[in-house]
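Open the model in your viewer and keep the selection tool at hand. The tour below goes from stop to stop and says what to select at each.

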Amino acid sequence: MNKMQMFTMLDKMKERFFKASDAIWEHPETSFEERFAAGLLCGLLREEGFDVTRPLAGMETAFMGRFGSGHPIIGILGEYDALYGMSQEADALSPCGGGEKGHGCGHNLLGVGSLAAAVAVKEYLQENGREGTVIYFGCPGEEGGSGKAFMAREGVFDELDAALTWHPGDINAANSVSTLAVFKVHYRFTGRAAHAAACPQLGRSALDAAELMNVGTQFLREHIIPEARIHYAMVNTGGKSPNVVQPEAVNSYYIRAPKLSQVRELKQRVDDVAKGAALMTGTQVEIRMINSTANVIPNDVLSDVMAQNLEEAPLPVYTDEERAYARAFADALEAPSTLLTDLAAKLGEKAAGIAALAAGREIYDFAVPNFRLNMCLSSSSDVGDVSWNCPTSQIMAATMAAGTPSHSWQRTAQGKSAVAHKGMLYAAKVIAGSAVDLLENPELLHQAALELEKRLGGESYVCDIPADAKPVATESDE
């Protein structure tokens, strides 16, 4: 079996994967609650002859499926968690309701597309009698839960020679980029209740402390590096009665910066602000690390391999009906994503043709060249924790209309479309083809490992999640 035969095999199996992706879309589950999705994916792996381990790293909805033996060992990462606040109706051109769980980041596609790639690599190993191992990792809780970080803390990725993955988007690209490291921290203030009119002097307001912390952090923002981000939510304001001094309050903070070391330093400064707020109000503060996510360590060697396979795998061909579908969504966007045009603007003449190629298209039906960007995005991903442990690369594949923003009801609405299905299958082919290249040319893995070592500069992975911390489901993270 060669790569083109492997791609043909995926085409023959596609309806099975489309059905699985649609089923996960129809059963949206948020972080660490993905029981339906995990069960469905594990069932598919077992049917394909994978040795399945579940639970994994102490998480009920984490698992892995292994096939083959010996090196190289290639990991393929899958995600399948949903978001809150989506309008969960397929093909809708306007929001319908709100607040429901929904796949506003396309993880129903991500999890199944990665599994399809793992199945293709399994078939390649089996048909050709090759030594090598492919492992599909079912990774829960990417949306704010840092599932892969908990897995990395337990050494799940230590044996890998490389890890490959993808993400649904509106472009096809394999560029080397980093992301911001992030800590999720809860600050729980405890005071003393009292009648706010009759005896306010007896009270100690935890809500005052929480508000003062937010004010203090606002002043702190002027004195941090411009790439850093600090954002918060007041997840517990202590009650609904103004005439009661609130005895408890909780702030939830995300603290981000390009490097883990920078986030660690910044967290100490935010901690000091919280302690000062408690001191000012006569309250106590408990600081609890919920989870952490490392910055992604890019790898040019693997990105080059993935970019080559973006060219080798046949791009999706869209019907007139599918293009009209995408055009309707593109035209309805009030605030379209400008990722591709922003990228072209930053690269200047180097990417002058990209903006022109994209102009007016309802689907970005081309592969973006690998410009080896080595830039840091302002988002975060727990793929970063994998990338500290082995060479890692992630592509994007177009599964929606041009300009569709992330974490939106528009992305949710397109999650079962033919455009989404074709993009998912294309991503599976690119990942599978890349894995085959690594299996056939272990020297690429050696070069990728040397690059990782150089980029780490003597640092080694340290998970900042405390050893006794457990994954926290989105619904109960207050």
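Predicted model: local features only at pLDDT ≥ 70, side-chain atom pairs only at ≥ 80, totals over all residues.

The expected span of a helix is 1.5 Å times one less than its number of residues.

**Stop 1: helix H8.** Select residues 320–332, which form helix H8. This helix has 13 residues, and from its first C-alpha to its last it reaches 18 Å, close to the 18 Å expected. Now colour Glu-322, Ala-326, Phe-329 and Ala-330, which are buried. They sit on the same side of H8, because they cover an arc of only 100 degrees around the axis. Turn to the other side of H8 to find Asp-320, Glu-321 and Asp-331, which are exposed.

**Stop 2: Glu-322.** Stay in helix H8 and centre on Glu-322. Is Glu-322 buried or exposed? Its relative accessibility is 12%, so Glu-322 counts as buried, the cut-off for buried being under 20%. Which residues is Glu-322 in contact with, leaving aside its neighbours within four places in sequence? Show Val-317, Ile-363, Ala-418, Val-419 and Lys-422 to see these contacts.

**Stop 3: helix H3.** Select residues 107–128 for helix H3, which has 22 residues. From first C-alpha to last, H3 reaches 32 Å, close to the 32 Å expected at 1.5 Å a residue. Of the 22 residues of H3, 19 are buried, so this helix is largely enclosed by the rest of the structure.

**Stop 4: the cavity.** How many cavities of 30 Å³ or more does a search of the whole structure find? The search finds one. The volume of the largest cavity is about 40 Å³. To locate the largest cavity, select its lining: His-103, Gly-106, Leu-109, Thr-399, Met-400, Arg-411, Gln-414, Gly-415 and Ala-420. By type, this lining divides into three nonpolar residues, five polar and one charged.

**Stop 5: two cis peptide bonds.** Pro-55 is placed in the loop between strand E1 (51–53) and strand E2 (63–69). Then select His-71 and Pro-72, which are also joined by a cis peptide bond, with omega near 0 degrees. Pro-72 belongs to the loop between E2 and strand E3 (73–79).

Stop 6: Go back to the loop between E1 and E2 and pick Ala-57. Although not a glycine, Ala-57 has a positive phi of about 55 degrees. Ala-57 is partly exposed, with a relative accessible area of 26%.

Finish at Ser-146, in the loop between strand E6 (132–139) and helix H4 (147–153). Here too phi is positive in a residue other than glycine, with a value near 55 degrees. Ser-146 counts as buried, at 3% relative accessibility.

Notes: Residues numbered from 1 in each chain as written. Heavy atoms only, no water. 1 Å grid on protein atoms, 1.4 Å probe; cavity = no way out; pocket = protein on both sides within 12 Å on 5 of 7 lines; lining within 4 Å. Points joined across faces, edges and corners; volume = space filled by probe spheres on them. Nonpolar A, V, L, I, M, F, W, Y, C, P; charged D, E, K, R; others polar. Helix = DSSP H or I, 4+ residues; strand = E, 2+ residues; numbered from the N terminus. Buried < 20%, exposed > 50% of the residue type's maximum accessible area, 1.4 Å probe, protein only. Arc of directions from axis to C-beta. Contact = heavy atoms within 4.5 Å.
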